[in-house]
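Please read them alongside the coordinates.

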Amino acid sequence: MSDAQKTDAEWRAVLPPDRYAVLRQAATEPPFSGALYHNEAQGTYACGACHAPLFSSDTKFESGCGWPSFFDPLTSDAVTIVEDRSHGMLRREVRCARCDSHLGHVFEDGPAPTGERYCMNSLALGFDASPAK
Ligand SMILES: [Zn+2]
């Protein structure tokens, strides 16, 4: 069974409850709570559900918003962007392109060169300390 085809019950069985709530139910972790928020090590951030590589530490920046923030995904097809009209707002939701898990949202107030801020839940990510190559 590939990760892209897992059922909700299968995800619930393999993910810890806090990760399941974020990745599969689009919950948002409390700001400044994530283990990876202050992580400054060199490496690759991967999907917390299917482990697809998503972001490089080279694009991580200190946004002050309380969540791990990146100005660009590892590759243009690593994530998909979905219009999110929940909570009375229009936002752009970021999902893992491989398994469709919720990762966070992207905003247009990031630094150069992209001007984008991928605001990711730490619980939605894993970290591999080897360099992205
Ligand atoms: Zn994934």
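**Notes on the model**

1. Start with a charged pair. E83 and R85 form a salt bridge, with the closest N and O atoms 3.0 Å apart. Bear in mind that this is a predicted model. E83 is exposed, at 55% relative accessible area. R85 is exposed as well, at 59%. Both values exceed the 50% cut-off, so each residue counts as exposed.

2. Next, R92 and E116. Their side chains meet in a salt bridge, at 3.2 Å from N to O. The pair links distant parts of the chain. R92 sits in strand β6, and E116 lies in the loop between β7 and β8. They are 24 residues apart. R92 is partly exposed, with a relative accessible area of 28%.

3. R95 pairs with D100. The closest N and O atoms of this salt bridge are 3.4 Å apart. R95 is partly exposed, at 22% relative accessible area. D100 is partly exposed too, at 42%.

4. How many salt bridges does the model hold? The count comes to seven. As background, side chains of opposite charge can pair when their charged atoms come close.

5. Now the metal. Which residues coordinate the zinc ion? The donors are the SG atoms of C47, C50, C96 and C99, at 2.3 to 2.4 Å. Along the chain they follow the spacing C-x2-C-x45-C-x2-C.

6. Why is the zinc site called tetrahedral? The four donor atoms subtend angles of 103 to 113 degrees around the ion, which makes the arrangement tetrahedral. The criterion requires all angles to lie between 85 and 135 degrees.

7. Turn to the nonpolar core. The largest one has 25 residues. L54 and L103 have the most contacts inside this core. The elements giving two or more residues to the core are α2 (17-25), β1 (44-47), β2 (53-56), β6 (91-96), β7 (102-107) and β8 (117-120). The largest share comes from α2, with three residues. In general, nonpolar side chains tend to be buried together in soluble globular proteins.

8. L54 deserves a look of its own. Neighbours within four places in sequence are left aside here. L54 is then in contact with Y45, A46, C47, P73, L74, A78, V79, C96, L103 and L125.

9. Last, D72. This residue lies in the loop between β4 (69-70) and β5 (79-84). D72 is partly exposed, with a relative accessible area of 31%. Which residues does D72 contact, leaving aside neighbours within four places in sequence? They are F55, T59, T114 and Y118. For a distance check, take D72 and F107, 35 residues apart along the chain. Their C-alpha atoms are separated by 11 Å.

Conventions: Residues numbered from 1 in each chain as written. Predicted model: local features only at pLDDT ≥ 70, side-chain atom pairs only at ≥ 80, totals over all residues. Heavy atoms only, no water. Core = buried A, V, L, I, M, F, W, Y, C linked by side-chain atoms within 4.5 Å. Buried < 20%, exposed > 50% of the residue type's maximum accessible area, 1.4 Å probe, protein only. Helix = DSSP H or I, 4+ residues; strand = E, 2+ residues; numbered from the N terminus. Contact = heavy atoms within 4.5 Å. Donors = N, O, S within 2.8 Å, 3.2 Å for Na, K, Ca; no water. Tetrahedral: all angles 85-135°; square planar, octahedral: opposite > 155°, others 65-115°. Salt bridge = Lys/Arg side-chain N within 4 Å of Asp/Glu carboxyl O.
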